[in-house]
There are 2 protein chains.
Amino acid sequence: MDEQFVVDTWHYVLAKHAKAMCALERELGDRHGLGPSEFEVLDRIVHHDRKLRIQELCDEVHLSQSALSRVVARLEKAALVSRGVCDADRRGVFVCITDEGRTRHAEALPTQRAVLTEIFADAPALTR
Amino acid sequence: MDEQFVVDTWHYVLAKHAKAMCALERELGDRHGLGPSEFEVLDRIVHHDRKLRIQELCDEVHLSQSALSRVVARLEKAALVSRGVCDADRRGVFVCITDEGRTRHAEALPTQRAVLTEIFADAPALTR
DNA sequence: GAACACTACATGCAGGCGCATCTAATGCAA
DNA sequence: TTGCATTAGATGCGCCTGCATGTAGTGTTC
């Protein structure tokens, strides 16, 4: 159990996370009016290409259920998604991307990719 | 330029960061009354084994200068560090760890290492 | 040495997060 | 059906963060 290794890895993750998060916040915010969480949620929906339950999103984005609930509320307020009740389980909520949501996501995607490439192009591979 | 690679790496960093941060917050908080940032600052000082300028700390922890200023304020309030003016440059502030600070850091260190080991033991190596 | 640009750190402020909790719907058991 | 534990999602709350700005000290130029 190499203690130095895990500490180095942690510092690496910390550094990359801080750098990427900060850059995403700035670029996505200034250019497209989206926060990283907002973009991530849109991205997940577009990727699945269907309406998703809040719970499903919760498994995919690294946010608490409450934080996710608010992200969806913000997105709905901006008319980028719409919320709908789930008929099968009336406690559930479906999140559905709107046309404007798709457009904004499509616009923001290259920005996000550019930021990530800038930061992770020289990253080590993910397999030992 | 492999776009999928950078996106995968980003998701990996996001996942590990969320998991580790959450676990550290819980473990360090519950067992030692320290937040991750507080621990990190103590750790940096112990590692250098001398008093440090705020600015030096700023280069090492991934926090804005204002956030760092507040972390130091919290640590000072908890009597884990003390602030002192820098004679050479009277704008500057030295941060000095106290005996209690050393003790708390020493107590918390195994907890932090355990959490990181739990999460990063199976991590990929950092070199391509 | 007076004026001014710059740097180090502190602080007001607004926003996002997690935790605890609330409400409503579900489902299982008696 | 009634009663109760459980689950999905929303919300109150306090904390931490970054940005913008304030304050005080430095040093440079004239």
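An open sheet of three strands in chain B has the order S1-S3-S2, with antiparallel pairing. This is a predicted model, in which local features need pLDDT of at least 70, side-chain atom pairs count only at pLDDT 80 or more, and totals for chains, interfaces and linings use all residues. Residues are numbered from 1 along each chain as its sequence is written, while chains are lettered from A and ligands numbered from 1 in the order in which they are written.

User: Which strands of chain B stand at the edges, and why is one side of each left without a neighbour in the sheet?

Analyst: Strands here are DSSP runs of E with at least two residues, helices are runs of H or I with at least four, and both are numbered from the N terminus. Two strands pair if DSSP finds at least two bridges between them. Each edge strand has a single partner strand, so one side of it is left without a neighbour, and the strands in question are S1 (52-53) and S2 (81-85) of chain B.

User: In S3(B), which residue is the bridge partner of Leu52(B)?

Analyst: S1(B) and strand S3 (residues 93-97) of chain B pair in the antiparallel sense over two bridges. In S3(B), the partner that Leu52(B) finds is Val95(B).

User: Which element gives the most residues to the surface near DNA strand C?

Analyst: A residue counts as near if its C-beta atom, placed from the backbone, lies within 6 Å of the molecule or strand. By that rule 24 residues surround DNA strand C, and the closest are Ser66(A), Ala67(A), Gln55(B), Ser66(B) and Ser69(B). The elements that give two or more residues are helix H4 (65-77) of chain A together with helix H3 (54-60) and helix H4 (65-77) of chain B. The most, five residues, comes from H4(B).

User: How many residues of the side of chain A that touches chain B are nonpolar?

Analyst: Two residues are in contact if their C-beta atoms, placed from the backbone, lie within 7 Å, and the contact takes 27 residues from chain A and 27 residues from chain B. On the chain A side, H1(A) provides the largest share, 14 residues. Ala, Val, Leu, Ile, Met, Phe, Trp, Tyr, Cys and Pro count as nonpolar, Asp, Glu, Lys and Arg as charged, and the others, Gly among them, as polar. Beside five polar and five charged residues, the nonpolar ones on this side number 17.
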